[in-house]
Amino acid sequence: MSRDKYFKGYNPDFVSAYGKRDWQKDMRLMTESREALYYWLGQYAEASNEVSFWKGEATAEKERATNLIADLLFAYINKDEIHPHDFEIQAFEHALIYLRENYQSSKYDPKLFEDQLERMRRLTGNE
C-alpha cells in the first residue's frame with residue numbers, strides 16, 4: 001500500500017528537475033500531517049478529560065444515593081411509630097430533597113411524602 005492515503009495531495013511520482021524526489025514537498029506534507037495528528041490527539045485528550053469528569057460525577061451521585069438508601073433502611077429498621085427519632089426524620093428529609101431534585105415519574109405525588117414528613121415533625125414537636 002502506498003503512503004498516499006496518509007498524505008493529502010501527495011504524489012509519489014513527483015520528481016524535481018534533477019530527477020530526484022522533492023524532499024521539500026515531502027517535509028511540507030509531513031509537517032501538515034504532524035499538525036493534523038496533534039489536532040486529533042488534542043481532541044482525544046479533551047474528550048477523555050470530559051469522560052473522566054462525568055464518570056466522577058456519576059460515581060459521586062451513586063455514592064449519594066447509596067448513602068441515602070442505607071440511611072432509610074436504618075431508619076426503617078429502628079423506627080418508632082409513636083415518637084420518631086431524629087435520625088428517622090433526617091433520613092426522610094434527605095430522601096425528600098433527593099426526590100425533589102431527581103424524581104421524574106408520576107407514580108407518587110410528592111405531596112404524600114411532604115405530608116408524612118410534617119406528621120413526623122409534629123409527633124416529635126419539631127414543626
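How many helices and how many strands are there in the protein? There are three helices and zero strands, counted as DSSP runs numbered from the N terminus (helices: H or I, at least four residues; strands: E, at least two). This is a predicted model in which local features need pLDDT of at least 70 and side-chain atom pairs count only at pLDDT 80 or more, while totals for chains, interfaces and linings use all residues. Residues are numbered from 1 along each chain as its sequence is written, and side-chain values use heavy atoms, with hydrogens and water left out.

Begin with the whole chain. Of its 127 residues, 15% are buried, that is, under 20% relative accessible area (1.4 Å probe, protein chains only).

Next, select helix 3, residues 110-124. Its 15 residues should span 21 Å at 1.5 Å a residue, and the end C-alpha atoms, 22 Å apart, agree with this; the expected span is 1.5 Å times one less than the number of residues. Colour Leu117, Met120 and Thr124, the buried residues of helix 3. Viewed down the axis of helix 3, these residues fall within an arc of 60° (taken from the directions from the axis to the C-beta atoms), so they line one face of the helix. Helix 2 is included in what covers them. Gly125 follows helix 3, with a positive phi near 85°.

Finally, display the lining of the largest pocket, which comprises 13 residues. Lys79, Glu81, Glu88, Gln116 and Met120 lie nearest the centre of this pocket. Helix 1 (23-77), helix 2 (86-102) and helix 3 each supply at least two lining residues.

Notes:
1 Å grid on protein atoms, 1.4 Å probe; cavity = no way out; pocket = protein on both sides within 12 Å on 5 of 7 lines; lining within 4 Å. Buried < 20%, exposed > 50% of the residue type's maximum accessible area, 1.4 Å probe, protein only. Contact = heavy atoms within 4.5 Å.
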